[in-house]
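Dear colleague,

I am passing on the structure below, with notes on what was found in it. Please read the notes with the model open.

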Amino acid sequence: MKSDNLLVRPGSKLKLSSHDPGATHGYTKVKAALETERHRARMSELQEVLYAERKHALLIVLQAIDAGGKDGTIRTVMSGVNPQGCQVTSFKVPTTEELGHDFLWRTHKAVPIKGQIGIFNRSHYEDVLVVRVHNLIPKPVWTARYGYINEFERLLADSGVTILKFFLHISKDEQKKRFEQRLADPSKWWKFNPADFEERKKWDEYIAAFEDAFTQCSTKPAPWYIIPSNKKWFRNLAVSQIIVEALESLKLKYPKPDFDPSKIVIE
């Protein structure tokens, strides 16, 4: 699979209707599972070098419509990662303290330090999505945020943070199917919020908000990828491959010791 085929090219205008959420790019479930396992193993190797070298950080941003699979992606794709070098931050409704700061404050303090992998389950993009769809702030305020986001992400990239942003793209029918499956399973009821069904009514508004965010904010230092996610096994393959490619591109190396190991004598 060519990961560039999933990339939102900087400067292009995105229409999600031109991206098939059920696409598998010629993969079967079995083949995808085998490759995903290889990616996970490779990711584990690369993470150790990332942690040891401490020159780079990796930030993974996950956005999706409700039931898009953010939790499942984290649980499956990152299953081989050492928890000591990885932190997941979930962004919920802002607290009173968070609302008292600029909209990027809570995001910036969660950015991973060098040597670490950080995963954002939702992110600063909620501040150009939810606030827009629900008309929580004036349009001039949220439209200005695209520029602030680009500058913020450029600052992170210039500071050694590799940024990968994934939109887990599912169809409206697939969302309905997943909601129904959850309702049929009492062990999944905890995931439900009655507001989810109200949000579903705003599907078209959310799609338009996502499209504008990706068009405005897919940049060379912080690209967006549209991940077909109706098939969870393909979603896992695509995300894991792109992460591995990004880590390999850093040319990570174990640091040289500041002593001569050959002269160490253990008595």
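Are helix 1 and helix 10 roughly parallel or roughly perpendicular to each other? The coordinates are a predicted model, in which local features need pLDDT of at least 70, side-chain atom pairs count only at pLDDT 80 or more, and totals for chains, interfaces and linings use all residues. Residues are numbered from 1 along each chain as its sequence is written, and side-chain values use heavy atoms, with hydrogens and water left out.

Helix 1 (residues 29–53) packs on helix 10 at an angle of about 30°, the axes being 8 Å apart; axes are lines fitted to C-alpha atoms, for helices over the stretch in contact, and angles run from 0 to 180 degrees between N-to-C directions. The two helices are therefore roughly parallel to each other (angles under 35 degrees count as roughly parallel, over 145 as roughly antiparallel, 65 to 115 as roughly perpendicular and the rest as oblique). The crossing of helix 1 and helix 10 is left-handed (the near helix is turned anticlockwise from the far one by less than a right angle; clockwise would be right-handed).

The contact involves G72, T73, T76 and V77 from helix 2, with R235, N236, V239, S240 and I243 from helix 10.

Helices (H or I, at least four residues) and strands (E, at least two) are DSSP runs, numbered from the N terminus.

Five strands form an open, parallel sheet in the order 2-3-1-4-5; strands pair if DSSP finds at least two bridges between them. Strand 2 (86–90) and strand 5 (224–228) each have a single partner strand, so one side of each lacks a neighbour in the sheet. Strand 4 (residues 161–169) pairs with strand 5 over five bridges, and F166 stands opposite Y225 in strand 5. Helix 10 (residues 232–249) packs on the sheet, touching strand 1, strand 4 and strand 5.

Regards

Note on methods:
Contact = heavy atoms within 4.5 Å.
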